[in-house]
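This briefing is for a reader who is meeting the structure for the first time. Please look over the sequence and the model before reading on.

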Amino acid sequence: MADGQRHLLPAFSNPLSPNGFSSDQTANGLVLNSLLTHFVASQPSSVPETSATPGSASHNNTRGMYGQNHQQGHNTRINGAPGRQQAMPMLYNFQQSAHPHQAHAQHHQNIQQDHGGAGIMGHSAFSSGVLPNASPFSASNLQNGHASTPRAGQTQQITEHWAEQLRLHKEAERAHATMTEQHQPHFYARLKAAENRGIGGAALTGGDAGPTVDGEDDRRRPWSLEKTNKRQDWYNLDMSGQGLRVLAPPLFAYEFLQELYIASNRLTFLPAEIGRLRHLRHLDVSNNLISELPPEIGMCTNLKSLYLFNNQIRDLPTELGSLYLMDMLGIEGNPLDPSLKQEIMGGDTKSLVNRLLLKAPVPIPPADRKPIVVQEDVSSTLERVKILTWNILCDKFATTTLYGYTPPTALSWDYRRQRIIQELHERDADILCLQEIATDVFRDFFSPELAQDGYKGVHWPRPKAKTMAEKDAQSVDGCAVFYKASKWILLDKQLLDYANIAINRPDMKNQHDIFNRVMPKDNIGIICLFESRQTGARMIVANTHLAWEPTLADVKLVQTAIMMENITRLAEKYARWPPLKDKKMIQLPLEEGEQRVELPEPAPSQEYRNNTDIPLLVCGDYNSTYDSSVYELLSMGRVAPNHNDFGDHQYGSFTRDGVEHPFSMRSAYVHLNGTPDELTFTNYVPGFAEVIDYIWYSTNTLEVVSLLGPPDRDHLKRVPGFPNYHFPADHIQIMAELVIKARKDKKMVQEPDFGSGSGDRRG
């Protein structure tokens with residue numbers, strides 16, 4: 001074992017001391033008891049025993065956290081058992097499974113430092129006192145595969161799943177007897193101690209981000225490697241058999257916990273804060289006095305097993321239907337509603353979970369997302385532009401395998417597309433940048449729907465569509481840009497096929513990393529040049545969707561570098577473009593029966609001296625967080641050739657000279673950082689909630705006026721992830737309203753006749 005682990009995981013290899021611990025551990029009693037106080041809401045003996053339990057009026061007759069003879073101090077008595085120091089939470093690590101997301105790893109390290117690590121028990125020499133496991137087919141349980149209890153005069157055939165339920169129930173009763181009759185708490189820590197000899201801490205990994213769908217793996221989450229390489233030495237906590245009546249709030253700060261044992265206590269309820277432990281995979285609440293579960297239990301979507309044996313539960317909240325990964329719900333020994341019990345007896349846990357998901361009512365809508373004013377007293381003479389970006393979740397990726405916590409109705413494309421179009425109508429942006437929009441969906445649904453609001457659109461699918469049959473190619477997703485044709489004229493549009501551009505660069509085309517890492521990813525970007533009908537101002541808009549994999553940080557950086565390199569080149573070209581000769585001649589097509597409306601006299605085209613003079617907006621789903629090289633390049637304008645994200649890969653001039661661009665750019669939403677309205681995520685799914693979508697703008701030509709605020713935080717306390725009935729995609733849309741800054745050197749372009757060659761650029 002590494003030296004750095006010895007103070008965290010003391011090995012109790014000495015003979016047991018009279019009080020049940022090794023002699024070494026007895027010396028650490030003071031530190032261990034200090035750890036206990038973080039979990040146990042205890043009272044001095046002078047406090048009346050009728051103190052109320054938080055959260056429920058029906059708990060007024062409880063007597064605090066322990067039995068009535070409990071006393072505080074270093075020689076604590078737990079449930080009247082004299083001098084038993086082991087009656088405290090035992091923290092141990094009996095598995096080294098991959099952690100799905102490490103947002104709280106540093107928080108845990110700080111807690112370890114506060115306690116000196118002495119209370120974390122990775123090893124123990126206790127005799128477990130465990131009776132042999134009962135076989136589901138032993139004579140005491142089953143006879144020839146049938147239950148021994150007759151029903152309506154006949155034996156009832158039981159399923160394999162219910163047989164396992166009965167076996168686990170029997171084990172829970174034996175564990176309860178061990179802890180209560182033999183006064184040996186922490187049964188599960190003792191049970192697993194022998195399996196952990198020699199196990200040390202492990203670096204955390206991102207875990208499985210989800211299965212693939214029909215060969216598509218783009219729905220996995222962009223886990224941040226920076227966050228997943230932090231060490232975590234324990235994931236499990238045993239607080240069983242201590243007579244606890246209430247779980248104290250500090251427990252729920254340990255959001256990294258994967259297993260929690262609070263069985264064989266005197267708990268009458270689970271607090272709503274249980275929903276904060278979103279990484280739990282196993283929760284054992286057996287042999288308590290619990291009569292109902294809080295709706296927030298539905299937030300624990302990683303749960304694979306939830307043991308509720310021998311409580312007083314009669315009904316289950318429909319929020320339990322969100323626990324789509326759960327394999328075993330232990331409910332035997334409860335006066336459960338017969339129809340619910342029969343569902344699990346005749347089927348299994350998943351059939352019961354699915355039933356609860358299907359019967360879940362549509363939740364109350366959240367409060368509207370409010371616009372937040374960033375800049376006041378903006379001159380009314382400045383032209384405004386409102387731009388929105390949104391990954392709308394392509395229908396082929398919206399499967400119950402990946403989004404099992406979402407009710408099927410809310411996951412269906414018929415429902416989601418109507419919600420999406422409704423929100424786009426309500427936002428009424430000038431420019432819409434959409435990702436994951438399939439070719440047939442763009443053509444048959446969004447184009448005609450948005451045309452009713454005066455939008456025209458540009459769309460490209462990912463390049464693999466070229467290699468597929470025409471019918472199959474229609475379902476390939478890509479990027480789209482819609483614009484209000486009454487305000488803007490499309491002058492040019494360009495597709496960025498990152499892989500194709502990379503393999504054709506002279507400095508990259510012969511390098512292995514281009515073929516092995518960049519070329520397999522068919523991500524794209526779109527660049528559009530617009531001109532305002534009202535002012536003649538021109539504007540570049542880019543929309544992109546980058547690779548998702550955390551192991552391809554170098555590829556995301558290369559894709560972003562190629563995008564900025566092409567924006568720079570095209571902006572130089574656009575700065576020299578001639579003006580439009582007659583904007584009045586560029587008319588909008590009319591719908592049947594529609595009358596043409598005369599537009600105001602258009603202003604002449606504006607002049608631009610260089611590429612950075614043209615207003616620039618860069619939007620999309622970057623699958624990159626604030627601490628990424630992608631963010632660094634866009635915000636700082638340069639990434640060094642030896643950046644960590646490049647690793648030891650070779651990408652021509654990018655890894656020889658570095659990457660840079662000439663624009664001064666800022667993310668629109670940085671204006672909300674550090675405020676109550678700060679945007680904390682744009683992608684919200686179980687295990688991942690981060691900002692990975694952005695609206696970047698050139699600070700020398702544009703200024704942010706207002707932003708669309710974040711979703712209602714109170715509403716999210718019972719929402720494990722998107723999509724749902726009120727959020728139709730796993731990403732949220734973000735929107736900014738900006739003004740084009742006044743130019744001191746503003747000049748109008750003269751109108752020399754360059755012939756008709758530029759006419760095909762107009763849209």
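The model is predicted: local features need pLDDT of at least 70, side-chain atom pairs count only at pLDDT 80 or more, and totals for chains, interfaces and linings use all residues. Residues are numbered from 1 along each chain as its sequence is written, and side-chain values use heavy atoms, with hydrogens and water left out.

**The seven-stranded sheet**

- Seven strands make an open sheet in the order β12-β27-β28-β13-β14-β16-β15, and their pairing is mixed. Strands are DSSP runs of E with at least two residues, helices are runs of H or I with at least four, and both are numbered from the N terminus. Two strands pair if DSSP finds at least two bridges between them.
- At the edges are β12 (371–373) and β15 (455–461), each of which pairs on one side only.
- From one strand to the next, the twist averages 25°. Axes are lines fitted to C-alpha atoms, for helices over the stretch in contact, and angles run from 0 to 180 degrees between N-to-C directions.

**Strand β13 and its neighbours**

- Strand β13 (residues 384–391) is largely enclosed by the rest of the structure, because six of its eight residues are buried (under 20% relative accessible area, with a 1.4 Å probe and protein chains only).
- Six bridges pair β13 with β28 (residues 734–740) in the antiparallel sense; lysine 386 has glutamate 737 in β28 as its bridge partner.
- With β14 (residues 431–438), β13 pairs in the parallel sense over five bridges; isoleucine 387 has isoleucine 431 in β14 as its bridge partner.
- β14 also pairs with β16 (residues 477–484), in the antiparallel sense over seven bridges.

**Helices α11 and α12**

- Helix α11 (residues 413–427) lies across β13, β14, β27 (702–708) and β28, at about 165° to β13.
- Helix α12 lies across β14, β15 and β16, at about 150° to β14.
- The axes of α11 and α12 (residues 439–451) come within 11 Å and cross at roughly 35°.

**The six-stranded sheet**

- Six strands form an open sheet in the order β17-β18-β19-β20-β26-β23, with mixed pairing.
- Its edge strands are β17 (488–497) and β23 (665–667), and the twist averages 20° from one strand to the next.
- β18 (residues 524–532) and β19 (residues 538–545) run antiparallel, joined by eight bridges.

Technical notes
Buried means under 20% relative accessible area, exposed over 50%, partly exposed in between (1.4 Å probe, protein chains only). Contact means heavy atoms within 4.5 Å.
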